[in-house]
Amino acid sequence: MKGLVIFALFLLCFITNSFSQSDEESAIKKTINNLFIGMKTGDSTLTRTAFAPAAIMQTITNKESKTGIRTESVNDFIKFIGTPHQEKYDERIVFTKILIDGPLASVWTDYKFYLGEKFSHCGVNSFQLVKGDKGWQIVYIIDTRRKEGCNP
């Protein structure tokens, strides 16, 4: 009987943890999706909500077979998104991995980027998010960009 009670308590803790993890993953996905919905619709206000103050954006570059890192201003990016443009910036992502430890999350997404309906490039995004007073927000993003091996 004692063993059954211990097993039931263990099961209850496991189920409760699974549901809260699922809720956190949903909230994290919503933050990241808001970034890309804002990009696609030109909604700089929605895009801004995805980022924490002082967030960092970087891209891995490869010029003349040399790997480098380019840092971009989040403010400039948001201004760019909100500036009227003909084509939609359509980054289609797939959530590959989400790791959470308390208020820290690390997320890996594969993506394909389209300018309107025209395929541009693909790669991977790596996000670091922190949960604070405004919920989950991106504090760091770095991505790769390539044209080969994309299967548009």
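Modeller: Two notes before we start. This is a predicted model, where local features need pLDDT of at least 70, side-chain atom pairs count only at pLDDT 80 or more, and totals for chains, interfaces and linings use all residues. Residues are numbered from 1 along each chain as its sequence is written, and side-chain values use heavy atoms, with hydrogens and water left out.

Biologist: Leaving aside its neighbours within four places in sequence, which residues is L129 in contact with?

Modeller: Contact means heavy atoms within 4.5 Å. Neighbours within four places in sequence are set aside. The partners of L129 are then I28, T31, I32, P103, L104, A105, V107, W136, Q137, I138 and V139.

Biologist: How is the lining of the largest pocket divided by class?

Modeller: A pocket is an open set of points on a 1 Å grid over the protein atoms alone, where a 1.4 Å probe fits, with protein on both sides within 12 Å along at least five of seven lines; lining residues have an atom within 4 Å of a point. Here 23 residues line the pocket, and M39, F77, E91, F113 and R145 lie nearest its centre. Ala, Val, Leu, Ile, Met, Phe, Trp, Tyr, Cys and Pro count as nonpolar, Asp, Glu, Lys and Arg as charged, and the others, Gly among them, as polar. The division is twelve nonpolar, six polar and five charged.

Biologist: Which element gives the most to the lining of the second largest pocket?

Modeller: T59, I60, T61, N62, K63, T67, R70 and R145 form that lining. Two elements give two or more residues, β1 and β2 (66–72). The most, five residues, comes from β1.

Biologist: Why is the disulfide of C122 and C150 assigned its handedness?

Modeller: A disulfide is a pair of cysteine sulfur atoms within 2.5 Å. Those of C122 and C150 are 2.1 Å apart. The torsion about their S-S bond is about -75 degrees, so the disulfide is left-handed.

Methods
Helices (H or I, at least four residues) and strands (E, at least two) are DSSP runs, numbered from the N terminus.
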